[in-house]
Amino acid sequence: MHAQTLAQKIIARAAGRESVSPGEIVVCRVDLAMMHDSGGPRRVKPMLDKLGAKVWDPDKVVVITDHYLPAKDDESRRIIRIARDWVKEAGVTRFHDGEGICHVVLPQKGYLRPGMLAVGGDSHSPTGGAFGAYMFGIGATEMLGVLVTGEIWLKVPQTFLVEWSGRLADYVSAKDMMLALCARLGLDGGQYQAIQYVGDAVAALPIQERMTLCNMAPEVGAQVGLVAPDAVTQAYLESVGAGGSDLAAWQGDADAPVGAHLRFDAAALEPQVAAPHSPANAAPVAAHAGTRIDTAYIGACTGAKIDDLRMAARVLRGRRVAQSVRFVVAPASAHDQAIAAREGTLKILTDAGAELLANSCGICAGYGEDRLGENQVAITSTARNFKGRMGAASSQVYLGSPFTVAASAIAGRICDPREFLK
């Protein structure tokens, strides 16, 4: 058996093989399939009904409502109702209704473990790679195949190592790491391969920051993002009742060939901002400093987890946002919002002028009355700033870390968060 990367080891196990090679096409058993209200039951139910087919294993399916919440109109209510009715019909008991964004709720419920091969009906499903799981996004037709057979085929990827040596400076985060990677690789530089994040700076990151790295792997065109499981992973898994994994089994071989090895110096990284209309338009914050903003948004699976809320609170403690700025916070899950409330983080945000929205995808998905209006300029902690995604096509969206979004909210303009470093 030749040396294998982490990605190859997970795929080989799922394919019932001792090893696999990049470029091979293999059929894998799926350990978990996750869907949300937007791309899930309302899409797959008509196809399942047409086939007269049943779900292969309801215990391996998770459904989470997050896109059309709060359900403010008849169409939204219809979509949510379909999800609620279908899980009962299909016998799916792992249903989480209005508890937060799927990519954050999934690990919080203890569903992810190292070595799993999982699929999700959403492009940011690679978030699961932070836990040493090979998880990627698929469309509704492909999900139909998974639901009926419990299997999926894939082409074994090359692994691209993205190494971050050293340690991040204060007020610099995983979001800045990813924006820098987007600037270097562009939107398709990942070539639908597996990106594995390695190095001292990655090892030092808490689990939710690793989630940010893996969540944004699709922004560079990768199929998955991965971080090999370690003591940080194990501690988190134990905290959610998912401990007991053999971490040693899910490490890549040191001599496994890789398709590319990119190296970055974490200590030299500055806060990054991506200009409209692409995450690849990233540059150090100074390139856009002074740009007036109307809205500052802390939200989405990428940028509103408890660690993200804490980052924003560090900058905002004892301060108020500019009167000209609408500051909006949509915590990524009810669980994380409850933690933020207990520890005082939420009070810091609201005292600074934050308007709280629901624990849902919200503005990031362009949903609801809070979406960006004509010619609005916003800086957000979301993963994407494509034209029209978050509202009007004339709106301008800049991306930054929660640190940078909070600092910009105070200043009323795009601002380096280090200006508030004490």
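Helix α14 (residues 402–411) is a mostly covered element, with 9 of its 10 residues buried. Keep in mind as you read on that this is a predicted model.

The buried residues of α14 run through P402, F403, T404, V405, A406, A407, S408, A409 and I410. Their cover includes the strands β12 (272–274), β14 (295–298), β15 (326–329) and β17 (377–380), along with the helices α10 (300–303) and α11. Just after α14 comes G412, whose phi is positive, at about 80°.

Let's step back to the chain as a whole. It is divided into domain 1 (6–265) and domain 2 (272–420), and the centres of the two, taken over C-alpha atoms, are separated by 24 Å. Domain 1 brings 38 residues to the contact and domain 2 brings 43 residues.

How much area is buried between domain 1 and domain 2? The figure is about 3200 Å², and carbon and sulfur atoms give 60% of that. On the domain 1 side, I101, Y171 and Q208 supply 24% of the area buried against domain 2, more than any other three residues.

Polar links cross this interface too. There are 4 salt bridges between domain 1 and domain 2, and 23 residue pairs are in polar contact across the interface. Which elements give two or more residues to the side of domain 1 that touches domain 2? They are α4, α6 (174–185) and α8 (207–215). The largest share, 6 residues, comes from α6. Sorted by class, this side of domain 1 has 18 nonpolar, 12 polar and 8 charged residues.

**Salt bridges**

Across the whole structure, a search finds 25 salt bridges. Here are some of them, with the N to O distance for each pair.

| Pair | Distance (N to O) |
|---|---|
| E99 and K109 | 3.0 Å |
| E163 and R263 | 3.8 Å |
| R310 and D307 | 3.3 Å |
| D170 and R314 | 2.9 Å |

E99 sits in the loop between β4 (94–97) and α4 (102–108), while K109 sits in the loop between α4 and β5 (117–120), 10 residues apart. E99 counts as partly exposed because its relative accessibility is 25%, and K109, at 37%, is partly exposed as well.

What does the bridge between E163 and R263 tie together? E163 belongs to strand β8 (residues 159–165) and R263 to strand β11 (residues 260–265), so the pair connects parts that are 100 residues apart in sequence. E163 is partly exposed, with a relative accessible area of 24%, whereas R263 is exposed at 53%.

R310 and D307 both lie in helix α11 (residues 306–316), 3 residues apart, which is about one turn of the helix. Here R310 is partly exposed at 33%, whereas D307 counts as buried, because its relative accessibility of 18% falls under the 20% limit. Elsewhere, salt bridges that share partners join K72, R326, E355, E369 and D370 into one network.

**A buried threonine**

Finally, is T127 buried or exposed? T127 is buried, with a relative accessibility of 4%. Its place is in the loop between β5 and β6 (134–137). The side chains of T127 and N215 are joined by a polar contact of 3.0 Å. Leaving aside residues up to four places away in sequence, T127 touches H103, M211, C214 and N215.

Key. Residues numbered from 1 in each chain as written. Predicted model: local features only at pLDDT ≥ 70, side-chain atom pairs only at ≥ 80, totals over all residues. Heavy atoms only, no water. Salt bridge = Lys/Arg side-chain N within 4 Å of Asp/Glu carboxyl O. Helix = DSSP H or I, 4+ residues; strand = E, 2+ residues; numbered from the N terminus. Buried < 20%, exposed > 50% of the residue type's maximum accessible area, 1.4 Å probe, protein only. Polar contact = N/O pair within 3.5 Å; in protein donor to acceptor, adjacent residues only side chain to side chain. Contact = heavy atoms within 4.5 Å. Domains from an automatic or database assignment. Buried area = accessible area lost by both parts, 1.4 Å probe. Nonpolar A, V, L, I, M, F, W, Y, C, P; charged D, E, K, R; others polar.
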